[in-house]
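Here is a short briefing on one protein chain. Keep the sequence and the model in view while reading.

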Amino acid sequence: MVVKGLKKKQVKGGKKQQLKFIVDCTQPADDNIIEPKDFEKFLTNRIKVEGKTGNLGEKITISRDKSKITVNAEAPFSKRYLKYLGKKYLKSQQLRDFLRIVAPSKTSYEMRYFNINDDKDEEE
């Protein structure tokens with residue numbers, strides 16, 4: 001049954017939600033273990049937009065400030081995807097056994113060393 005004069009609700013195309021994520025590489029960068037510019041280039045080449053790599057366009061921007069990498073993206077972009085790519089980068093550099101990616105806040109990740117000193121105290 002169709003009611004005359006009743007229109008479907010249309011969603012107005014408003015401003016898309018901008019997401020901002022930060023990956024902090026300070027600890028390993030200070031020790032010259034990784035180069036933040038290489039990680040930035042890796043992210044630029046590997047992030048997929050609509051199923052294609054190298055297709056960042058207007059939707060995603062990646063910038064670097066010393067050892068912090070900032071990713072600005074439109075709404076359908078997950079923080080978990082950044083962690084996945086970060087792990088993939090560490091694996092390609094053969095650093096996955098020494099570094100890990102931890103989320104200190106809701107919008108950021110941080111590369112940290114594994115705590116190896118705690119194991120030595122337990123053995124003695």
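**Helix α3 and its surroundings**

The buried residues of α3 are Lys79, Leu82, Leu85, Gly86, Tyr89 and Leu90. Seen down the helix axis, these buried residues fall within an arc of 140°, so they line one face of α3. The model is predicted.

- Helix α3 covers residues 79-92, a run of 14 residues.
- At 1.5 Å a residue, α3 should span 20 Å, and its end C-alpha atoms are 20 Å apart, so the two values agree.
- What covers the buried residues of α3? The cover includes the helix α2 (36-46) and the strands β1 (18-24), β5 (68-74), β6 (99-105) and β7 (108-113).
- Arg80 and Lys91 are exposed, and they sit on the face of α3 turned away from its buried side.
- Gln94 follows α3 and has a positive phi, near 60°.

**Overall architecture**

- The chain has four helices and seven strands.
- From the N terminus, the order of elements is β-α-α-β-β-β-β-α-β-β-α.
- The chain holds 124 residues, and 31% of them count as buried.
- Take the contacts between residues at least 6 apart in sequence: 57% of these join residues at least 24 apart.
- The accessible surface comes to about 9,600 Å². Carbon and sulfur atoms account for 47% of that surface.

**Salt bridges**

Side chains of opposite charge can pair when their charged atoms come close. How many salt bridges does the chain have? The count comes to three.

- Glu40 and Arg64 form a salt bridge, with the closest N and O atoms 3.0 Å apart.
- This pair links distant parts of the chain: Glu40 belongs to helix α2 and Arg64 to strand β4 (residues 60-65), 24 residues apart.
- Is Glu40 buried or exposed? Glu40 has 16% relative accessibility, so it counts as buried.
- Glu50 and Lys59 form another salt bridge, and their closest N and O atoms are 2.7 Å apart.
- Lys59 counts as partly exposed because its relative accessibility is 36%.
- Arg112 pairs with Glu110 in a salt bridge whose closest N and O atoms are 2.7 Å apart.
- Arg112 is partly exposed, at 28% relative accessibility.

**Glu110 in strand β7**

- Glu110 lies in strand β7, one of the elements that cover the buried residues of α3.
- Why does Glu110 count as buried? Its relative accessibility is 18%, and buried means under 20%.
- The side chains of Glu110 and Arg112 are joined by a polar contact of 2.7 Å.
- Leaving out residues up to four places away in sequence, Glu110 touches Asp24, Arg100, Ile101, Val102 and Pro104.

**Gln18 in strand β1**

- Gln18 belongs to strand β1, which is also part of the cover over α3's buried residues.
- Gln18 is partly exposed, with a relative accessible area of 49%.
- Where does Gln18 make contacts along the chain? Beyond its neighbours within four places in sequence, Gln18 is in contact with Asn72, Ala73 and Glu74.
- Gln18 and Ala75 are 57 residues apart in sequence, yet their C-alpha atoms are 5.9 Å apart in space.

**Positive phi in two loops**

- Glu50 is not a glycine, but its phi is positive, about 55°.
- Glu50 sits in the loop between β2 (48-49) and β3 (52-53).
- With 62% relative accessibility, Glu50 counts as exposed.
- Lys66 is found in the loop between β4 and β5.
- Is Lys66 buried or exposed? Lys66 is exposed, with a relative accessible area of 73%.

Methods
Residues numbered from 1 in each chain as written. Predicted model: local features only at pLDDT ≥ 70, side-chain atom pairs only at ≥ 80, totals over all residues. Heavy atoms only, no water. Buried < 20%, exposed > 50% of the residue type's maximum accessible area, 1.4 Å probe, protein only. Contact = heavy atoms within 4.5 Å. Areas by Shrake-Rupley, 256 points an atom, 1.4 Å probe, with all protein chains shown as cover. Expected span 1.5 Å × (residues − 1). Arc of directions from axis to C-beta. Salt bridge = Lys/Arg side-chain N within 4 Å of Asp/Glu carboxyl O. Polar contact = N/O pair within 3.5 Å; in protein donor to acceptor, adjacent residues only side chain to side chain.
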